[in-house]
Amino acid sequence: MALQAEALVEEWLNKNGFFTIRGIKEKIDEIDLIGVRKRNYGWQYIHCEVQIGIRPVTYISKLTNNLMKSLEVSSKNSAKLRKPEHLLESVKAWVEMKYKSTKKQQMRSNIIQSEAWEYWFVHGNVKDENELILIESQGVKIISFADVLNDLMNKNTENSFSGSAAGELIEIMNFMKVK
């Protein structure tokens, strides 16, 4: 479902005036979506990550090695209940890895040299809503996938463009809405 979700988010960004690039990879590092659009005040640059869980059984952020030891678990994806301080530590590490690392900065700079990048995260259902609050506290804009889909279904698309593979899927969804 990850590719379909990314395609729908890309379509939503296109409908909102963004030129997008999806799936930027360098070895094991990846950026889901880069978006650029002209605004009255200048250019807007976004780095958007997409992680859609329908029936989440684990957290968005992985445990650090230190947390794995202190919680006595063998998997970074452990669903073991996390205390607030544990959740904060794993969220900080996740935000660093996804958005702020030197490698991600370099990948973005290879496309556009700017210090004005916004970080966006599109999510589905989550195990713990507090994780989203902590991600937002790290400077990441939180966007619900349900809001993206609702916007796509209700947006007047006469004056917008479609640059993604999801354009036809949205047409089908809108067709079903009128039945």
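Analyst: What follows begins with the chain as a whole and then turns to the aromatic rings.

This is a predicted model, in which local features need a pLDDT of at least 70 and side-chain atom pairs count only at pLDDT 80 or more, while totals for chains, interfaces and linings use all residues. Residues are numbered from 1 along each chain as its sequence is written, and side-chain values use heavy atoms, with hydrogens and water left out.

The chain has seven helices and five strands, where helices (H or I, at least four residues) and strands (E, at least two) are DSSP runs numbered from the N terminus. Their order along the sequence is α-β-β-β-α-α-α-β-α-β-α-α. Of the 179 residues, 44% count as buried, a term that means under 20% relative accessible area, with exposed being over 50% and partly exposed in between (1.4 Å probe, protein chains only). Among contacts (heavy atoms within 4.5 Å) between residues at least 6 apart in sequence, 56% join residues at least 24 apart.

The structure holds six aromatic pairs; rings of Phe, Tyr and Trp (its six-membered ring) pair if their centres lie within 6.5 Å, and planes under 30 degrees apart count as stacked, over 60 as edge-to-face and the rest as tilted. One of these pairs joins Trp12 and Trp120, with 6.2 Å from centre to centre and 50 degrees between the planes, which is a tilted arrangement. This pair links distant parts of the chain, given that Trp12 belongs to helix 1 (residues 2-15) and Trp120 to strand 4 (residues 117-123), 108 residues apart. Trp12 counts as buried at 12% relative accessibility, and Trp120 is also buried, with a relative accessible area of 4%.

Another pair is made by Tyr45 and Trp117, whose ring centres are 5.6 Å apart and whose planes meet at 45 degrees, so this pair is tilted. Because Tyr45 lies in strand 3 (residues 42-51) and Trp117 in strand 4, the pair ties together parts that are 72 residues apart in sequence. Tyr45 is buried at a relative accessible area of 14%, and Trp117 counts as buried at 11%.

Trp94, Tyr99, Tyr119 and Phe121 form one aromatic cluster. Returning to Trp120, Lys141 lies over the face of this ring, at 4.4 Å from the ring centre; a charge sits over a ring if NZ of Lys or CZ of Arg is within 6 Å of the ring centre and within 35 degrees of the ring normal.
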